[in-house]
Amino acid sequence: MELFGCCSLWLQSFGDTLSFMFFTFTILFSLFSLLIFVLRLKPWCQCDVCRSYLTFSWLKDFNNLCDWYTHLLAKSPTGTIHLHALGNTVTSNPENVEYILKTRFDNYPKGKPFSVILGDLLGGGIFNVDGNSWKFQRKIASVELGSFNFKMYAFELVTAEIRSRLIPLLSSAANKENNILDLQDVFRRFSFDNICRFSFGLDPECLKLNLPISTFTTAFDLASKLSAERALAPSPIVWKIKRLLNIGSEKQLKGAIKLVNKLAETMIHQRRQMGFSSKNDLLSRFMASIDDDKYLRDIVVSFLLAGRDTVASGLTSFFWLLSQHPEVESAIRNESDKIMKPNQVLISLEQLREMHYLNAAVYESMRLFPPVQFDSKFAQEDDILPDGTFVGRGTRVTYHPYAMGRMERIWGPDCSEFKPERWLRNGTFVPQNPFKYPVFQAGHRVCLGKDMALVEMKSAALAVVRKFNIRVSDPNQAPRFAPGLTATVSGGLPVMVQERGD
C-alpha cells in the first residue's frame, strides 16, 4: 500500500515535470519563431510606409486603413506597393489581378497562412481551402446555384421576406415619433434570414417586428471581427501565443466560435431529422454527398459568411450613397414606373432583368464600396508580376478592389464620383472587365453566388426606394469601417424613414 502511494506520488511529480517542460518548450519555441519571423520582416524598416503602418500615424490623415492603402497605391507608378513589415505585396493593377486570379492561378492559392488565420472559424469551408476540397465544394455549389429551379426558389423566398418582414418593419419605423433606425442592422437581419432559408431550409426570424436579439449573430460578428484582426497583426506568433494561453481576444474568439458551432450543428441535426432527400436548400444537397458533420459545419459557416455579410454590406453602402444622390433615387423610381404596374409592390424576376439603371446603380455602389475590400493569396514560388514587381516564395499578395474603384488610371478623372451612367450604353447595362472590377473576384474563383446576391440586393433596394424615403441621419459623415472579413460600418447606419405619399 505504501509502495503504491509512493508510485502515485512519483507519477504525479513526473507528470507535473513533463507538463512544465512542455509548457516551457512551447514558450521558448514560440519566442524563437517570433524572433525568426521578426528578423525576416525587418520591422526596423525606416521607409515611410512601414513606419506609418507600425506607428499608426496614418490615422492622422485617414479614417480607414483602406483609404490609406488607396492613397499609397494611387501614388505608386505601377499601382503596386510592398509592406516589408507585413511581407505583403498590395496591388491595384488590373493586369496583375488577372495574372494572379487567372494566368498563374496555381501559383497563388489561398495558402496555409490564410487558412490558419481563419481556420478556427471557417475550418475546411470553400473560402478557406485549396485543391481537391475546394474543387469538390465548388462543383456541388455551382450545380445547385446555377440551376433555374434553385434561382426561382431563392427569389420566391427573398420576395416573401421583403413583403412579410422588410416592408412592414420599415413602415413601423416610419410611423414612430422617433423614426431613427439602424439600416445596417436591418439589412444584416434581412440577409441572414434569407441565407438560412434558401441555403439551410431554416428560418431564424431575425427580421421580425420586435427585432429579436440573436446570440448567434452577435457571436458570428465577433468571431468574424477577431479572426480578421489576426491578419492585421505584424506577426502570427502574437495571436498564437494568446490562443495557447487562452487569454484576451483569443479567449473571446474561442467562446464566440463555440456558439457558432452550436448553431451550425443544430441546423445540421434539424435537417437530418426533417429529411433532406427531397429538399431544395443547399445544405440538403451537400448532405446527400457528405456524412462528416464537421465538414458540413465548415460549409454552413462559409455560406453564412458569404450570404449574410456581403449582401448586407452592399445594401448599406448603396443607401448611404443614395441618400447623397437623390437624382439617382429619382431615376430608379422613374425606370421602375415604366416597367412595373402602378399598384405593383414587388417586381418579378423578368421585370428585374429590364431594370438596367438599377443594375448600373448597384454595380456603381459596389465599385466605390465593395463588400470585400481586399483579398489575399500566397505565392508558392518566386514570380514576377506583369508590372515588373518581384514576388518571393511565401509572400502574401493582395489585390485591393476598394482602392481599384478609386483609381483615376482605371476609371478616369471622375473615379471618385457616384455615376451609374458609366455602366450604361444607350440605356443598356454593359459590364466591365472583371479584372478591372474584381468585386465578385474573377477567374477560377469567381463568386458562385454573384447572380443570386445581385437579385437579392436589387429586389430589396427597389422595394424600399419605391415605398420609402431613406435619409442618413448624418450624410456628411463618411463611413468608418470596423475590422472584419467584410466591410461593416462602425456604429451602423442610422437613418430616418419616411413613407412616400405619392
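A residue counts as partly exposed when its relative accessible area falls between the limits for buried, under 20%, and exposed, over 50%. In this predicted model, aspartate 451 has a relative accessible area of 43% and is therefore partly exposed. Lysine 151, at 35% relative accessibility, is partly exposed as well. These two residues form a salt bridge, with the closest N and O atoms 3.9 Å apart. Because aspartate 451 belongs to helix α19 and lysine 151 to helix α7, the pair ties together parts that are 300 residues apart in sequence.

The most comes from α19, which supplies 6 residues. Sorted by class, the lining holds 11 nonpolar, 2 polar and 5 charged residues.

The structure has a count of 31 salt bridges, and two further pairs are worth a look. Within helix α16, arginine 367 and glutamate 364 sit 3 residues apart, about one turn of the helix. Their side chains meet in a salt bridge with an N to O distance of 2.8 Å, and both residues are buried. In the other pair, aspartate 414 and lysine 419 are joined by a salt bridge at 3.0 Å, N to O. Aspartate 414 is buried, because its relative accessibility of 18% is under the 20% limit, whereas lysine 419, at 29%, is partly exposed. Elsewhere, salt bridges with shared partners link Glu161, Arg165, Asp193, Arg197, Asp203, Glu205 and Lys208 into one network.

Turning to the strands, β4 (residues 375–378) pairs with β7 (residues 396–399) in the antiparallel sense over 4 bridges. Serine 376 has threonine 398 of β7 as its bridge partner. In a regular strand, side chains alternate between the two faces of the sheet. Both faces of β4 are covered, with Asp375 and Lys377 buried on one side and Ser376 and Phe378 buried on the other.

Finally, the cysteines deserve a word. A search of the whole structure finds 0 disulfides. Cysteine 447 is accordingly in no disulfide, and the nearest cysteine sulfur, that of cysteine 196, lies 17 Å away. Cysteine 447 is partly exposed at 33% relative accessibility, and cysteine 47 is also partly exposed, with a relative accessible area of 26%.

Notes:
Residues are numbered from 1 along each chain as its sequence is written. This is a predicted model: local features need pLDDT of at least 70, side-chain atom pairs count only at pLDDT 80 or more; totals for chains, interfaces and linings use all residues. Side-chain values use heavy atoms; hydrogens and water are left out. Buried means under 20% relative accessible area, exposed over 50%, partly exposed in between (1.4 Å probe, protein chains only). Helices (H or I, at least four residues) and strands (E, at least two) are DSSP runs, numbered from the N terminus. Two strands pair if DSSP finds at least two bridges between them. A disulfide is a pair of cysteine sulfur atoms within 2.5 Å. Ala, Val, Leu, Ile, Met, Phe, Trp, Tyr, Cys and Pro count as nonpolar, Asp, Glu, Lys and Arg as charged, and the others, Gly among them, as polar. A salt bridge is a side-chain nitrogen of Lys or Arg within 4 Å of a carboxyl oxygen of Asp or Glu.
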